Amino acid sequence: MKNFNIPKILQRPTPLLRRLSGALALTILGTSAGNAIASCEYTINNDWGSGFVASVQVSNDTAQAVSSWQVQWQYSGDNRLVHHWSSELSGNNPYVASNADWNGTLQPGQTAEFGFQGTASGIVEIPQLTGSLCDGGSSSSGGSSSSSSSSSSSSSSSGSSGGTSSSSSSSSGSSSSGSSSGASAENLYSLASFPIGVAVSAGNENRSFLSLPEKQVSIAQHFSQLTAGNIMKMSYLHPQENTYDFANADQLVDWAETSGIGIHGHTFIWHSDYQVPNWMKNYSGDFQAMLNTHVTTIAEHFAGRVDSWDVVNEAIDENQSSCYRNSLFYQRAGSDYLSEAFFAADAADPGAELYYNDYDTEGGNGNKLNCLLQIVDGLLADGVPIDGVGFQMHVQIDWPSTSQMRTAFQAIVDRGLKVKITELDVPVNNPYASTPFPQHTSYTPEVAALQKARYKAIVATYMDVVPPQQRGGITVWGLWDGDSWLLDFNSRQGVDDWPLLFNGPADGPYEEKAALNGVAEALLGQ
């Protein structure tokens with residue numbers, strides 16, 4: 001069975017889950033001499049009738065560290081598992097989950113979490129849990145065992161504890177086991193309880209990952225969520241007023257579903273001239289009604305197959321007193337187009353998480369962050385169903401500071417919303433710096449170490465500031481350096497750069513860079 005981190009775990013609770021959270025929140029304890037020594041908690045994170053996503057938390061309630069754990073369970077009906085993450089899983093009902101090599105050691109009071117996706121036929125079971133730590137068995141002091149059961153709650157707290165260090169050693173980009181120079185990840189996504197994503201080219205785009213088998217190998221190995229770089233934008237999906245073209249996007253979503261990988265949709269509405277279809281620019285009818293139909297039709301088409309959406313992308317212009325970009329949408333429908341889009345998307349697919357997405361908002365105390373907060377506060381005051389904010393994070397190697405990122409993330413956390421890093425890349429050359437551009441003309445070990453430290457600091461800041469239940473995920477904007485949009489962006493034309501997590505031959509196999517190890521170390525809190 002292949003390991004996959006299924007990001008549907010982060011969807012908003014279904015009505016069934018909300019009922020279960022109150023009725024079945026039972027923690028089962030093993031006992032020794034009257035004292036609780038362990039707890040194992042089973043949570044249904046999402047239930048859609050024909051399938052489910054669940055997780056198990058294993059806590060060490062002893063006074064001593066444990067070095068391994070094991071959990072066993074069996075479904076009485078036809079529930080069966082199809083994917084799993086963050087554990088070693090064996091069996092086929094009954095199932096046995098053992099710790100992965102990175103989460104077996106639990107200090108007193110620490111918790112490990114693992115998860116899985118399964119199939120069902122209308123009834124999603126909550127099985128009884130048994131196992132070495134659940135029973136208070138062999139993993140620590142060898143206390144006497146007792147029976148265990150299951151539990152469910154609507155929130156999933158968990159996973160990696162956030163680290164705060166931004167220092168880094170210059171480890172090799174290799175992921176081979178036995179590297180002593182830093183963390184390496186056999187499966188990067190397995191180190192997180194939230195989606196670890198990558199943007200891809202697909203459809204008829206140049207270097208579509210669907211035509212490059214080596215890309216598919218690296219993506220399936222390390223990522224649990226895909227974002228279409230272009231083919232789920234407006235002009236691709238809705239080229240004519242009465243014509244929607246879902247063929248290429250469906251092919252992408254089909255591949256992701258078959259591979260056990262989630263989808264983050266990007267995007268219903270974006271102002272960029274080349275992405276607004278000509279018919280929409282010339283539309284003479286009720287513009288807001290047309291826009292609502294556009295959002296509704298796309299959301300309904302992908303309902304249940306897409307985990308989350310960037311509902312509106314880049315609506316802010318911090319130089320305008322209104323804070324809104326003077327886009328076609330603002331001109332024709334006013335600021336209400338933003339809230340209307342969220343209401344339409346939520347009605348069409350209540351299970352998808354809905355984000356507002358923008359760039360340069362991570363700069364800390366700047367006008368753009370202030371505008372973001374002004375707009376978000378207005379949406380919340382009006383009861384708009386927004387779940388989170390996407391920070392694109394097209395950052396520089398030396399800008400913004402992690403303290404500025406911390407301020408921006410914290411502001412969204414304080415509003416009770418999820419924080420998602422949606423388009424992360426870290427070029428090593430900064431065209432806006434005071435030093436001559438480019439600063440680096442080759443990817444030396446020193447440059448690799450610098451970039452690793454930057455990636456690590458960004459992810460560590462995210463882990464430290466954003467509570468587990470508000471982590472929407474982290475997506476890198478591309479797989480291989482040579483495909484990065486930055487190579488063709490403005491003054492970067494003709495200048496080499498290496499902004500992503502993989503290098504190597506154009507058609508693969510792709511080589512993991514030190515930057516990937518930096519992400520892994522931050523996820524592990526190292």
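Predicted model: local features only at pLDDT ≥ 70, side-chain atom pairs only at ≥ 80, totals over all residues.
1. Helix H11 takes in residues 445-465, 21 residues in total, and the distance from its first C-alpha to its last is 30 Å, which is close to the 30 Å expected at 1.5 Å a residue. Because 17 of those 21 residues are buried, H11 is largely enclosed by the rest of the structure.

2. The largest nonpolar core holds 109 residues, and the members that touch the most others within this core are Leu226, Met232, Phe302, Trp309, Phe409 and Leu523.

3. Phe302 deserves a separate look. When neighbours within four places in sequence are set aside, the contacts of Phe302 are Met232, Leu237, Phe246, Ala249, Asp250, Val253, Trp309 and Asp349. Of these partners, Met232 and Trp309 are also named, with Phe302 itself, among the core members that touch the most others.

4. Three strands form an open sheet in the order S4-S7-S6, and their pairing is antiparallel. Strand S4 (70-73) and strand S6 (87-91) each have a single partner strand and stand at the edges, so one side of each is left without a neighbour in the sheet. From one strand to the next, the twist averages 20°.

5. Within this sheet, S6 is joined to strand S7 (residues 95-99) by five bridges in the antiparallel sense.

Note on methods. Residues numbered from 1 in each chain as written. Heavy atoms only, no water. Helix = DSSP H or I, 4+ residues; strand = E, 2+ residues; numbered from the N terminus. Expected span 1.5 Å × (residues − 1). Buried < 20%, exposed > 50% of the residue type's maximum accessible area, 1.4 Å probe, protein only. Core = buried A, V, L, I, M, F, W, Y, C linked by side-chain atoms within 4.5 Å. Contact = heavy atoms within 4.5 Å. Pairing = 2+ DSSP bridges. Axes fitted to C-alpha atoms, helices over the stretch in contact; angles between N-to-C directions.
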